[in-house]
Amino acid sequence: MTDEVTPVLEREPAAAAELFGDRIEVARSFTAELARRGEELGLIGPLELPRLWTRHILNSALLAPLLEADGRVADVGSGAGLPGLVLAIARPDVSFTLIEPMERRCDWLNAESERLGLGNVTVLRGRAEDVADAVVVDQVTARAVSALSKLIPLTVPLVRSGGQLILMKGARVDEEIEKARKVILRKRLADVEVLELGDGVVEETTRVFRATVD
């Protein structure tokens, strides 16, 4: 019989201070609380602590430079606050609406926003398709929600004309784009591109599907 090894929180990477700048202490506080309560609340898996900074926090923070100054952003399926709360920490000049259907996750998002003093966050309980009439933003973010063929129709109605989709994707993003060709045409997306963020900054780069909404 082997003893179970309790996962230990990953040491903060040097890139964290570079990405968060003078907001690093807030980022540290959020990461520590997510590490402390994340598994208990069903926000992260039991094996995520050794890669919490690199795989989740920094991965999300890489999107921060893509956001418009003084803009409005909706984060769909915010869950643990990835990337929504992380981006709200990194970009206090941007207003965020975190859209999440599960009540206990909304409770977490509200509690953390208040604890961290994030005055630029509003939490909206519901699915993206149910709140489209109440939300109009400049940009939409999402992480690990669904394939592009399903995600694009859910997110486009939230964005003003000329706004952007900024959707975090995995290594098979090009395959997803190919399968979503008809949806991309039907929704009249322009300037479709895949960005690879974090090269030379983090070990695991982040792929982002970005497109402009007509």
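**Exercise 1. The crossing of α2 and α3**

In this predicted model, helix α2 passes helix α3 in a right-handed crossing; determine which residues of α2 and α3 make the contact and how the pair is oriented.

*Solution.* Start with the residues on each side: α2 contributes Ile 24, Ala 27, Arg 28, Phe 30, Thr 31, Leu 34 and Ala 35, while α3 contributes Leu 52, Trp 53 and Ile 57. Next comes the geometry, for which two packed helices are described by the angle between their axes and the distance between the axes. Here the axes of α2 (residues 24-37) and α3 (residues 52-61) approach to within 12 Å and cross at roughly 125 degrees. An angle over 145 degrees would count as roughly antiparallel and one from 65 to 115 as roughly perpendicular, and α2 and α3 are therefore oblique to each other.

**Exercise 2. Leu 63 and Thr 141**

Locate Leu 63 and Thr 141, decide whether each is buried or exposed, and trace their contacts beyond four places in sequence.

*Solution.* Leu 63 sits in the loop between α3 and β1 (72-76), whereas Thr 141 belongs to strand β4 (residues 137-143). Leu 63 has 0% relative accessibility and so counts as buried; Thr 141, at 0% relative accessibility, likewise counts as buried. Apart from its neighbours within four places in sequence, Leu 63 touches Leu 87, Thr 141, Ile 166, Met 168, Leu 197, Thr 206 and Val 208. With the same exclusion, the contacts of Thr 141 include Leu 63, Val 73, Asp 75, Pro 83, Leu 87 and Ile 166. A further distance places Leu 63 relative to Ala 90: their C-alpha atoms are 9.5 Å apart, although 27 residues separate them along the chain.

**Exercise 3. The buried side of α7**

Find which residues of α7 (residues 148-155) are buried and how they are arranged around the axis.

*Solution.* The buried residues in α7 are Leu 148, Leu 151, Ile 152 and Thr 155. These residues cover an arc of only 100 degrees around the axis, and therefore lie on the same side of α7.

Definitions and conventions:
Residues are numbered from 1 along each chain as its sequence is written. This is a predicted model: local features need pLDDT of at least 70, side-chain atom pairs count only at pLDDT 80 or more; totals for chains, interfaces and linings use all residues. Side-chain values use heavy atoms; hydrogens and water are left out. Helices (H or I, at least four residues) and strands (E, at least two) are DSSP runs, numbered from the N terminus. Buried means under 20% relative accessible area, exposed over 50%, partly exposed in between (1.4 Å probe, protein chains only). Contact means heavy atoms within 4.5 Å. Axes are lines fitted to C-alpha atoms, for helices over the stretch in contact, and angles run from 0 to 180 degrees between N-to-C directions. Angles under 35 degrees count as roughly parallel, over 145 as roughly antiparallel, 65 to 115 as roughly perpendicular and the rest as oblique. A crossing is left-handed if the near helix is turned anticlockwise from the far one by less than a right angle, and right-handed if clockwise. The arc is that of the directions from the helix axis to the C-beta atoms.
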